[in-house]
Amino acid sequence: MALLVEGLQVLLWLVLLLLFAAGLYPQMRKIAPVWAVPFSLNGGLLLFTAISWYCGLVHLPLHLAAIPFVLLVGWQVVTRQYRQNDYTADLSYLVAGAAAFLLLLEFRFLTPMISTSEKFMDHAILASIMRTPVVPPLDPWFAGGSMNIYYYLGHWMMGALGVVTSIPSTVVFNLILPTVFALTVINLLALGRLIVPRLPWLPVLLLGLPDPDFLVRIVSGQELHHVFWESSRVISGAIDEYPLFSYLWGDAHAHVMAQFNQAFLLLLLAFCWYRWSTLSTRSRLLVCGLLTLSLGSMAPMNSWDVLVYGPLTVGVGVLLTLHNEEGSIKDRIAHILRRGIRSPGPLLWLAVGVPAAAALLYLPFYLMMETAGTMGLFFIGGAAHPPSGVVPFLLFHGIFFVLLLLVLVPDIRARPYLLLIAVPVALAGYPAAAVALVPLVYLVTRKEYEPAGIFAAAGLLLVVLCEFMYLESTFITTSSFRMNTVFKLYWAAWLLIGAGTLALVGSVAASRLSYPFLSPIRRRGLIAVVLVLLLVTPPCLGLDFDAHLFYQPHKGGAYTLDGSAYLIYDHPADAAAIAFLRNRSDIPCIIEAAKNEHSYYSRVSSFTGIPTEVGWLFNEYLWRGNPDNWYFQRMGDIRRIYESPDDAVPLMNRYGCQYLYVGPLEGETYNLSLPHTGLTPVYSENGVMIFSTTRSTTKSAT
């Protein structure tokens, strides 16, 4: 019965996504018949997210955000805008997206547990949004605070879908990555169809490729669990995740949730490059609207992305303007200046209009932000802040670098002297940067630009910059001074370099190869075989229930999409109490044990979304900074609540926390001594007690 309910929930989730797409589809079909599905799916979801976010801002029900799509679809049905056409291209996108969704859903179904790594944090934000869908969302790990200290729009997007569909947050959590993965696959397939139509699936491969370090460790015989983890920590003192690792690891983290939007922006920029001159003014407005939704969502979804894709959008606008002119570079620039604004081209549309509109789209988000942010831009060099070594650098980027250099062989033969640019950089102590500069220089100095080369060059520029500078933040130690810089920029670089390189490889291969053996029927058969093999892979990996890819399933052995189901077997006392709390909507705050991050602590606030006095301390430190203003005070106050009877109720009132959770973890952490008066038990079962305090006023925490 539980599986049937979850199956219906998955179906409802997909129907809602298709509703959003259907609302935009007829208009997208007029602009780009071959790319109408990816334009509609991504544009519809991003538009729903924006509408729902503004509903939360003015405290309106999020269900209202779905009404415009219902009305739009109804009107388009009445006006017969869903006409019969050739839907071959549409079907290929839907099949690829469905297969990708099912593939990731199987992995989440096999290992659904919200545990380990940062899953507690991601679910805490998601559950808080779904419990109290207001903007800015309440911070579940800092009573009296809000999430205006973190980029949360990805969590909001998925939480809003959960609110509208009434799916529990613990199930929504396991629908996030399948959804993001499916949209990313669709976008990369569409990008391939645009850039290299004979081999459109090539860019999709970047999602399934490991880094070379993974292959080295597999050959050396390491266990798969360690192979994946260590291969995402190749660069010394940094995190260097790649898509295959991140999707299988299962954290619904901001950078992963944002990947579909990054790929969508690349698709839109490439579409503008190839189709801009053929678009009407109305079509250009609609495409720029999609670009605005995509670029505007980046900072609230994963702020690092806008540092990459904002300049990329401007750069493509400038290059496309030059590309559309004739003559030398000097003549092209002169003609553009003479024309001015009388005939606005992509320079004004893409390089000026879209970034300006994107900044305005979520302007209230920026005005509300109070994050600790970064502490400045610093340069790398010397013994204390060394750049990357060549070997670890190639153990991460090597596959794409080798492919890119093979593509650039004709360029290197024509101008071998450009190789010398790497010599002074290597001698200056930046060998990894010297390696990356070689393909970058050859791409930049090509006579003609095209999207694949632009994207690859942008990714190479990112990794070069990571060798010379970093953004210093609270997330820093002597050995990990650029951890977050490498983490976030390498993630974007993998997509840019991978998509660009694989598209360039496809262009070369398509010009030299023929496919007499691949008739349409055989091609479809081959695709069917590949899809079947992919879909049976997760069950095959999980045939031995005690030998899963990353971590053990719960003891009960029942597969599910409910990320909290394992609590029934591993923490039965907490499971029942948490279920009780999730059914209560009148609890503003609850006190629970707080100690270490990346542990079982803060489990009540994480699984319920109810704010607690303070949760995972390091995460709050990263977001808020200034630990002297709150860290010791809040930690000390929690201990006093559990250990000092005279202080318990006054301190609970101070933080606006009416409820006190006392379970096995609290007993292990504190010397419990609770007051005899002032606390009323409202729950008592299996060693867990929940108390409530009655007061006439509530004071806000400082």
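Mentor: A residue counts as buried under 20% relative accessible area, as exposed over 50% and as partly exposed in between, with a 1.4 Å probe and protein chains only. This is a predicted model, in which local features need pLDDT of at least 70 and side-chain atom pairs count only at pLDDT 80 or more, while totals for chains, interfaces and linings use all residues. Residues are numbered from 1 along each chain as its sequence is written, and side-chain values use heavy atoms, with hydrogens and water left out.

Trainee: What percentage of the 702 residues of the protein count as buried?

Mentor: The protein has 31 helices and six strands, defined as DSSP runs of H or I over at least four residues and of E over at least two, numbered from the N terminus. Of the 702 residues, the share that counts as buried is 56%.

Trainee: Which residues touch the most other members of the largest nonpolar core?

Mentor: A nonpolar core is a set of buried Ala, Val, Leu, Ile, Met, Phe, Trp, Tyr and Cys residues joined through side-chain atoms within 4.5 Å. The largest one holds 215 residues, and helix α7 (residues 169-195) supplies its largest share, 18 residues. The members that touch the most others are Phe39, Met158 and Tyr309.

Trainee: How are helices α5 and α7 oriented to each other?

Mentor: The axes, which are lines fitted to C-alpha atoms over the stretch in contact, with angles running from 0 to 180 degrees between N-to-C directions, come within 10 Å for α5 (residues 119-131) and α7 and cross at roughly 120°. Angles under 35 degrees count as roughly parallel, over 145 as roughly antiparallel, 65 to 115 as roughly perpendicular and the rest as oblique. The two helices, α5 and α7, are therefore oblique.

Trainee: Which residues of α7 make the contact with α5?

Mentor: Contact means heavy atoms within 4.5 Å. On the α5 side, the contact is made by Lys119, Asp122, His123, Leu126, Ala127 and Met130. On the α7 side, the residues are Ser169, Thr170, Val172, Phe173 and Ile176.

Trainee: Is Arg284 buried or exposed?

Mentor: Arg284 lies in helix α13 (residues 281-302) and, leaving aside its neighbours within four places in sequence, is in contact with Trp276, Ser277, Leu279 and Trp349. Because its relative accessible area is 17%, Arg284 is buried.
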